[in-house]
Amino acid sequence: MTTLYGGIEAGGTKFVCAVGTTPNDLRETRFSTTTPAETIARAVEFFRAQPPVAAIGIGAFGPIDPNPSSPTFGFITTTPKSGWRNVDLAGALRRTLGVPVGFDTDVNVAALGEHRWGAAQNLDTFVYLTIGTGIGGGGLASGKLLHGLIHPEMGHFFPPHDRTRDPFPGACPFHGDCLEGLAAGPALEKRWGARAETLPADHPAWDLEAHYLAHALVNYICILSPQRIVLGGGVMEQAQLFPKIRRTVQRLLNGYVQAPAITEQIDTYIVPPGLGNRAGIGGALALAQRQGS
Ligand code: ADP
Ligand code: ZN
């Protein structure tokens, strides 16, 4: 009999819950993220109505505690999202459903999906960055999911901010003009006065956006030496960003990192997710499959 696994993409706006064996055979449901009690109850209700799963993987918005030896493992911790501070998301599901539950950041989990089925297969060091409502990065280093003190916060790196070129002060509630404050979807909307998806492909927004993202990528390249960088999230639906980002990364590195992947094959080095918008839920399934193994 086929072993089924469960996955939860726990976003700040919506939850996606799924049961299956690969991203291609999932039975899933999605609902808005409301209060923790109501949202967790809906997830439980979904899994109870499905055939039993061997384990569940959760990719969660954060900040979270992904350290299995910590007393608050599985918690959403210091999130600014109302009502969700110090919520034991993984524990609630583990206790109620009685199955092992894997828990990590939404971006580490999406990275795992890309590693298992998408654009990062067979790589042991890579970055997955999402540019959406926020900006977050995860990935693997030497085959292990990136953790550390807590987990990386790649979206809150400070790119150079030339206020003559870009007087927008930045929208991050913690830092103002960090990368997320300057380049996430809501920052685009505030700066240009229109939702990012409505700006035309030749709008000056996209050169500036590529400029900020390329600075971030150059720093990740210098710090982590990733074998590939996968860029996902709603804002990266703007496909014209990819060539702009690739060219700017090459120009900023200026030939210093002498790897053909960057100097000659950058089109396959900075890429969209192989699973498209299914990286998150696919990764949650991949995380579930790792439990107990
Ligand atoms: P979330 O980050 O909430 O999971 P998304 O990755 O879809 O969800 O990101 C939502 C953000 O992306 C919004 O700020 C939205 O304006 C922006 N966005 C969504 N689609 C597009 C698009 N096609 N082009 C540019 N920006 C987009
Ligand atoms: Zn910030």
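Helices here are DSSP runs of H or I with at least four residues, strands are E runs of at least two, and both are numbered from the N terminus.

A word on ground rules: this is a predicted model, where local features need pLDDT of at least 70 and side-chain atom pairs count only at pLDDT 80 or more, while totals for chains, interfaces and linings use all residues. Residues are numbered from 1 along each chain as its sequence is written, chains are lettered from A and ligands numbered from 1 in the order in which they are written, and side-chain values use heavy atoms, with hydrogens and water left out.

**Stop one: the helix pair**

Select residues 185-192 for α5 and 205-224 for α6; their axes come within 12 Å and cross at roughly 140 degrees. That angle makes α5 oblique to α6. (Under 35 degrees is roughly parallel, over 145 roughly antiparallel, 65 to 115 roughly perpendicular, and the rest oblique; axes are lines fitted to C-alpha atoms, for helices over the stretch in contact, with angles from 0 to 180 degrees between N-to-C directions.)

Now show side chains. On α5, pick Leu188, Arg191 and Trp192; on α6, pick Ala205, Trp206, Leu208, Glu209 and Tyr212. Those residues make the contact, meaning heavy atoms within 4.5 Å. They split into 6 nonpolar, no polar and 2 charged. (Ala, Val, Leu, Ile, Met, Phe, Trp, Tyr, Cys and Pro count as nonpolar, Asp, Glu, Lys and Arg as charged, and the others, Gly among them, as polar.)

**Stop two: cysteines**

How many disulfides does the structure hold? There are 0, counting pairs of cysteine sulfur atoms within 2.5 Å. Click Cys17: it is buried, at 0% relative accessibility. Cys178 is buried as well, with a relative accessible area of 0%. (Buried is under 20% relative accessible area, exposed over 50%, partly exposed in between, using a 1.4 Å probe and protein chains only.)

Go to the loop between β4 (56-60) and β5 (75-76) and find Pro63. A cis peptide bond joins Gly62 to Pro63, with omega about 0 degrees.

Next, select Ser142, in the loop between β9 (135-141) and β10 (144-145). Ser142 isn't a glycine, yet its phi is positive, about 50 degrees. Ser142 is exposed, at 64%.

Last, visit Asn254, between α7 (241-253) and α8 (260-263). Phi of Asn254 is near 55 degrees, also positive in a non-glycine residue.
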